[in-house]
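Okay, thanks everyone, I'll keep this short. Have a look at the model on the screen and I'll walk you through a few spots.

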Amino acid sequence: MSYIEPAPIKDKENPLESMMQRFDKAVELLGISEEMYHILKVPRKQVIVGLPVTMDSGEIKTFEGYRVIHSTILGPSKGGIRFDPAVNLDEVRALAAWMTWKCAVVDIPYGGAKGGVACNPREMSAGEIERLMRAYTTAMLDVFGPDQDIPAPDMGTGPREMAWLMDEYSKSKGMTVPAVVTGKPLVLGGSLGRTEATGRGVMVSALAGMEKLRINPYRATAVVQGFGNVGSHAALLLRERGVAIHAISDISGAYYNDKGIDVAAAVAYRDNNKGSLEGFTGAELISGDDIFTIPVDVLVPAAKEDVITRRNVESIQAKMIVEGANGPTSFKADDIINDKGIMVVPDILANAGGVTVSYFEWVQNRIGYKWTLERVNRRTDRIMKDSFDKVYETSLKYKVSLRIAAYIVAIDKVSSTYKYRGGF
Ligand code: NAD
């Protein structure tokens, strides 16, 4: 298989390009040397594998798989595995760097990695996906390891695929090695609290931001775009803390109720309606884009990347944006948001609750002891709150947005670790 260097990302509004631009800005403010800049930018390892898989028809199809280890300076690398037709080395490389900064900002002892296979799981049978996952794991036996590189689910993969990975890896070692992967089913050593962890981190970040803006949660209002794992848990938990949720949305549209939505009823409706809010009667149906224009205290984008751009940023009326999704705000919208005085809790901080509980899963697997849900939640809340406070203090010190401050915290941590360890 010939290796073709991927073309650089050309679309400047691309979320990965936005990440690079924010990274460059933080590096400049930190005064990082040219040498260190290159150390931080270039991934440690990039692996490309060809994966022949027998399909149900008997035909053998060869898929291309990737694993990029961006950094291991803080500890074993951590990052999900994506099964999607659009997966390519360039994207995986950028997402691996993203993981380095996310782990560093919440101060967990991991480096960053990402993996993926260019395939369409929606068109594959469970058996075909299983054979692909096992082939990918075998190809990565030298890369993965509880002290080396710990994968997790990402787009197109979930607990089922992680169970196959754990099984295949364990067979090669002749013993059960649960700590090689996180996001496993509970019975295989998954952690309590993982499902709601990202939404929980969004809630903690939102409350921490409200405290700084002197917004009383019991008088506060919020809207949440996306009602999947992150959005629905964030909405439920914010509601539990007193915040009135004036609108929620999913791919079927946005649902608005200025008296406050009964979030638990919306979750129950979605769960009985094939995962969709379509037809939900506890609110008025409005256009999906209108959710951004509702005057509320908190806006939580928790659906997908690149939804707040120069095109719609002027119409946003929220006082705070808490980024549940990865890359929901384009780099070009940053300045306008800052000029409008809107506080943004950036993705690498606000949605890090998920990787934090993944880390807890690994810790529990390694010590061979299961924590209670109460312990997992308490420790997640503490990490999220401490990380928010550190980023907030950094934003005051450098007189920058929370977003640039988060990159400063992360880059400073990684670069100073390099300086102490030396031996590049
Ligand atoms: P999900 O698939 O469970 O939910 C996505 C939701 O967004 C669905 O309700 C879908 O209908 C909705 N949606 C999609 N397109 C939309 C649109 N154009 N307008 C309105 N709604 C739309 O996904 P998730 O796990 O909740 O992830 C959401 C985001 O959070 C992604 O950016 C993901 O990368 C990020 N994230 C997730 C986790 C996690 O632990 N699940 C962790 C970190 C970051």
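So, on the surface there's a nonpolar patch made by Leu 186, Leu 192 and Leu 373, and together they have about 220 Å² of accessible area. Keep in mind that this is a predicted model. Leu 373 sits in helix H12, residues 373–398, and counts as partly exposed because its relative accessibility is 34%.

Now the domains. The assignment gives us domain 1, 44–177, and domain 2, 196–349. Their C-alpha centres are 30 Å apart. Five residues of domain 1 contact five residues of domain 2, and the two domains bury about 470 Å² between them, with 67% of that coming from carbon and sulfur atoms. On the domain 1 side, Trp 98, Lys 102 and Val 105 lose the most area, together 81% of what that side buries.

And how many salt bridges cross that interface? Zero, by the rule used here. The structure as a whole holds 26, though.

Let me pick out a couple. Lys 413 and Asp 107 pair up at 2.3 Å, N to O. Lys 413 is in helix H13 and Asp 107 is in the loop between helix H3 and strand S4, so this pair ties together parts 306 residues apart in sequence. Asp 107 is exposed, at 52% relative accessible area, while Lys 413 is partly exposed at 26%.

Then there's Glu 168 with Arg 134, at 2.8 Å. Here helix H5 gets tied to helix H4. Glu 168 is buried at 18%, and Arg 134 counts as buried at 18% too.

Definitions and conventions. Residues are numbered from 1 along each chain as its sequence is written. This is a predicted model: local features need pLDDT of at least 70, side-chain atom pairs count only at pLDDT 80 or more; totals for chains, interfaces and linings use all residues. Side-chain values use heavy atoms; hydrogens and water are left out. Patches are made of residues with over 30% relative accessible area and no salt bridge: like charges are joined within 9 Å, nonpolar side chains (Val, Leu, Ile, Met, Phe, Trp, Tyr) within 5 Å. Accessible areas come from the Shrake-Rupley method with a 1.4 Å probe; for residues, only the protein chains shown count as cover. A salt bridge is a side-chain nitrogen of Lys or Arg within 4 Å of a carboxyl oxygen of Asp or Glu. Helices (H or I, at least four residues) and strands (E, at least two) are DSSP runs, numbered from the N terminus. Buried means under 20% relative accessible area, exposed over 50%, partly exposed in between (1.4 Å probe, protein chains only). Domain bounds come from an automatic or database domain assignment. Contact means heavy atoms within 4.5 Å. Buried area is the accessible area (1.4 Å probe) that two parts lose on being put together, summed over both.
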